[in-house]
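Q: I have a new structure to look at. Can you walk me through how to read it?

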Amino acid sequence: MTGLETVLAGLWLMLPTLIPNSAAVLFGGGPPIDLGKSWRGRRILGDGKTWRGFFGGSFAGMAFGLVQIGVTEDLGVTDTWGFGSMPWSVVVVICLAFGAMIGDSIGSFIKRRLGFERGHKAPGLDQFNFVIGAFIVVLIFQPLWFAKHYIEGDGIYALVVFLIVVPILHRISNIIGYKLGKKDVPW
Ligand code: CTP
Ligand code: MG
């Protein structure tokens, strides 16, 4: 693998982490995860975190990851452009997708504790909550897969490029969500 290939593969392998956030906007609605309950005078998570958004987002990321597994198995590139061999590849995909939505919920929990209302900007936290969630969950269950693609050798470049691309994609997807009338604010 050349350095460029490693970076491109690194971005491709993060799609199950990137998709849930945008998908949650499309699937969102219905009862909030915290069921409207408050803690110490503020909502636990707020109306922006719904069960439908959580599972719609997670399953969308997971479904896309399963398609990626199928494609890379067919092409025989599971080692470089895939999530490794079955069944661990499925574990990685589940960790990335659900980890993203868990991180997103924890991000909102932190925002409420800081006194920010739903939808209020929290620079840094808004862009990276889902990335941090996915990284932590995958590091718990499949640390060697993460190290192989994002730490060892040229992998570190894949990590750096991914972290630069995340806020840009986040901004673009929020503008699209706003234009579609799914979000009240374009951030
Ligand atoms: N969404 C959802 N359920 C989730 C995550 C997101 O329904 N678990 C939907 C909500 O409609 C939410 C939108 O996606 O308003 C955008 O998500 P996000 O920006 O994370 O939420 P905010 O409304 O900005 O709320 P917060 O301040 O808590 O981040
Ligand atoms: Mg927001």
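A: Start with a charged pair. R43 forms a salt bridge with D47, and the closest N and O atoms are 2.9 Å apart. D47 is partly exposed, because its relative accessible area is 41%. Keep in mind that this is a predicted model.

Q: Which residues are linked with R43 and D47 in a network of salt bridges?
A: D34 is linked with R43 and D47 in that network.

Q: How many salt bridges does a search of the whole structure find?
A: The search finds five. One of them pairs D104 with K49, the closest N and O atoms being 3.0 Å apart. D104 lies in helix α4 and K49 in the loop between β2 and α3, so this pair ties together parts that are 55 residues apart in sequence.

Q: Is D104 buried or exposed?
A: Look at relative accessibility. A residue under 20% counts as buried. D104 is at 8%, so D104 is buried. K49 is at 14%, so K49 is buried.

Q: Which residue forms a salt bridge with K111?
A: D126 does, and the closest N and O atoms are 2.9 Å apart. D126 sits in helix α5 and K111 in helix α4, so the pair ties together parts 15 residues apart in sequence. D126 is buried, because its relative accessible area is 16%. K111 is buried, because its value is 7%.

Q: How do I read two packed helices?
A: Two packed helices are described by the angle between their axes and the distance between the axes. Now the case here. Helix α5 (residues 125-141) and helix α6 (residues 143-150) pack at an angle of about 120°. Their axes are 5 Å apart.

Q: What word describes how α5 and α6 lie to each other?
A: Roughly perpendicular covers 65 to 115 degrees, and roughly antiparallel is over 145. The angle between α5 and α6 is about 120°. The two helices are therefore oblique to each other.

Q: Which residues of α5 and α6 meet?
A: From α5 come F135, V138, L139, I140 and F141. They meet P143, W145 and F146 in α6.

Q: What about a buried side chain? Where does Q68 lie?
A: Q68 lies in helix α3, which spans residues 51-75. Its relative accessible area is 1%, so Q68 is buried. Now look for its partners from elsewhere in the chain. Leaving aside neighbours within four places in sequence, Q68 is in contact with W12, L15, P16 and F83.

Q: Is F59 buried or partly exposed?
A: F59 is also placed in helix α3. At 45% relative accessibility, F59 counts as partly exposed. F59 and I19 are 40 residues apart in sequence, and their C-alpha atoms are 9.7 Å apart.

Q: Which residues does S38 touch?
A: Not counting residues up to four places away in sequence, S38 touches R43 and I44. S38 is in strand β1, residues 38-39. With a relative accessible area of 48%, S38 is partly exposed.

Q: Now the surface. Which residues form the nonpolar patch?
A: Its members include L26, F27, I151, Y157, V160 and L180. Together the patch residues have about 1,100 Å² of accessible area. Next, ask which helices supply them. Both α2 (15-27) and α7 (155-179) supply at least two residues each. The largest share, eight residues, comes from α7.

Q: Where is I168, one of the patch residues?
A: I168 is found in helix α7. At 48% relative accessibility, I168 counts as partly exposed.

Q: What should I check in the backbone?
A: Check the peptide bonds and the phi angles. A cis peptide bond joins M86 and P87, with omega about -5°. P87 lies in the loop between α3 and α4 (88-113).

Q: What is phi of L35?
A: Phi of L35 is near 55°, a positive value in a residue other than glycine. L35 is in the loop between α2 and β1. L35 counts as exposed, at 56% relative accessibility.

Q: What is phi of R40?
A: Phi of R40 is near 55° and positive, and R40 is a residue other than glycine. R40 lies in the loop between β1 and β2 (42-43). R40 is at 73% relative accessibility, so R40 counts as exposed.

Terms used:
Residues are numbered from 1 along each chain as its sequence is written. Chains are lettered from A and ligands numbered from 1 in the order in which they are written. This is a predicted model: local features need pLDDT of at least 70, side-chain atom pairs count only at pLDDT 80 or more; totals for chains, interfaces and linings use all residues. Side-chain values use heavy atoms; hydrogens and water are left out. Helices (H or I, at least four residues) and strands (E, at least two) are DSSP runs, numbered from the N terminus. Buried means under 20% relative accessible area, exposed over 50%, partly exposed in between (1.4 Å probe, protein chains only). Contact means heavy atoms within 4.5 Å. Patches are made of residues with over 30% relative accessible area and no salt bridge: like charges are joined within 9 Å, nonpolar side chains (Val, Leu, Ile, Met, Phe, Trp, Tyr) within 5 Å. Accessible areas come from the Shrake-Rupley method with a 1.4 Å probe; for residues, only the protein chains shown count as cover. A salt bridge is a side-chain nitrogen of Lys or Arg within 4 Å of a carboxyl oxygen of Asp or Glu. Axes are lines fitted to C-alpha atoms, for helices over the stretch in contact, and angles run from 0 to 180 degrees between N-to-C directions. Angles under 35 degrees count as roughly parallel, over 145 as roughly antiparallel, 65 to 115 as roughly perpendicular and the rest as oblique.
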